[in-house]
Amino acid sequence: MARARQGVTEARRIVVKVGSSSLTTAAGGLDADRVDALVDVLARVRSGGEREIVLVSSGAIAAGLAPLGLHRRPKDLARQQAAASVGQGLLVARYTASFARYGVRVGQVLLTSNDTSRRAHYRNAYRTLDQLLDMGALPIVNENDTVATDEIRFGDNDRLAALVAHLVRADLLVLLSDVDGLYDGDPSTPGTSRVAEVAGPEDLAGVTIGSAGKAGVGTGGMVTKVEAARIATAAGVPVVLTSASRAADALAGRDTGTYFHRTGRRSADRLLWLAHASTPQGSLTLDDGAVQAVVERHSSLLPAGIAAIEGEFTAGDPVELRDLEGQPVARGLVNFDSKEIPQLLGRSTRDLARELGPAYEREVVHRDDLVVLNP
């Protein structure tokens, strides 16, 4: 087992994600003792100066419940955003005070999927996080819940954490929650056992993965954590999944929780965000030739290969690219508004430039802004 956790002991830049249930009470409101206990562990890990920590912390909405007189997490988006607005300040204030005990300065970074799928914004997000680490600060990352509608779809920040690990080129992702690892069934059922290692998808065959957290203040369950592990490991980042109470053991490389081996190579490609974090605003149906060009040759999408358009979007929005049977084959950032595209369908860029001007002699989706989806 020591060999299996080599990816932990050798990690120098680590992303740690903690869920709402590990920081708050079921009734809402931050549990100061739980926050301090986590901070104690993280401060010790980075105390020698050889390891860097980026903390992805849920808990903003949960922290805002009690102060607003809410007895449970609201279902409507407006009140969730209001709770996040109040709770985010409380959450960062608590972390600031707790890390100050160790002389550690923290910096808040709020991200949205829309920000990080675009090239310039992606570079800015990376530079900010990298600079904070270079200056000895500890970044605390969260979804910008007060204005974004993606928080629920991110799955309680599990997926966000996997994407942040990719963004900052981390060596390890640690997912902390209220369960001590992945089990081959319901952990409360006698006879189930912990899955110590996952080397690939085949190790999850026959494993029943639950979908709900126990505390009722977050949105994530085991499904979102396993999906986050899949995203991170495919990008070359190993993952440890365990409970917050065992964070110290997890970061020391001891046999706790579930260790997911990396399955792919590390890449600095922002397109991972486009594939896993963006919400398509519409779709373009491609003819067979265009599908082959995009999927097999990784070419840009030209107007001549588009057979149909669906939805309303503006230039720069993510759109889904489908084959003639309606199956998604790719996703990309479109260069035209939806109202412009109908006049472009099936036409060559040369003809369009001659008739409409040089601005139309360009790709509908450039290959640098396009990611092929796994079948």
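R5 is buried, with a relative accessible area of 0%; buried means under 20% relative accessible area, exposed over 50% and partly exposed in between, for a 1.4 Å probe and protein chains only. The structure is a predicted model, in which local features need pLDDT of at least 70 and side-chain atom pairs count only at pLDDT 80 or more, while totals for chains, interfaces and linings use all residues. Residues are numbered from 1 along each chain as its sequence is written, and side-chain values use heavy atoms, with hydrogens and water left out.

**Two residues**

R5 lies in the segment before α1 (6–9). Helices (H or I, at least four residues) and strands (E, at least two) are DSSP runs numbered from the N terminus. Not counting residues up to four places away in sequence, R5 touches residues including A196, R254, D255 and Y259, where contact means heavy atoms within 4.5 Å.

N335 is found in the loop between β12 (328–333) and α13 (349–356), and is partly exposed, with a relative accessible area of 22%. The C-alpha atoms of N335 and R362 are separated by 8.3 Å, although these residues stand 27 apart along the chain. R362 is among the residues that N335 touches, as are A315 and H366.

The side chains of both residues reach backbone oxygens, as tabulated here.

| Side chain | Backbone oxygen | Distance |
|---|---|---|
| R5 | T256 | 3.0 Å |
| N335 | E363 | 2.9 Å |

**The second largest pocket**

The lining of the second largest pocket has 16 residues, and L272, A275, H276, V371 and N374 lie nearest its centre. α9 (222–234), α11 (271–276) and β13 (370–372) each supply at least two lining residues, and α11 gives the most, with four.

The largest nonpolar core holds 41 residues, of which V15, V141, V164, L167, L173, L182 and W273 touch the most other members. Such a core is a set of buried Ala, Val, Leu, Ile, Met, Phe, Trp, Tyr and Cys residues joined through side-chain atoms within 4.5 Å. Elements giving two or more residues to this core include β2 (52–57), α8 (158–167) and α11, and the largest share, seven residues, comes from α8. A second, separate core of 29 residues includes V16, L38, I53 and L172. Leaving aside neighbours within four places in sequence, V15 is in contact with residues including V54, V164, L172 and L173.

Methods:
A polar contact is a pair of N or O atoms within 3.5 Å; within protein, one must be able to donate a hydrogen and the other to accept it, and residues adjacent in sequence count only if both atoms are side-chain atoms. On a 1 Å grid over the protein atoms alone, a cavity is a set of points where a 1.4 Å probe fits but cannot get out, and a pocket is an open set with protein on both sides within 12 Å along at least five of seven lines; lining residues have an atom within 4 Å of a point.
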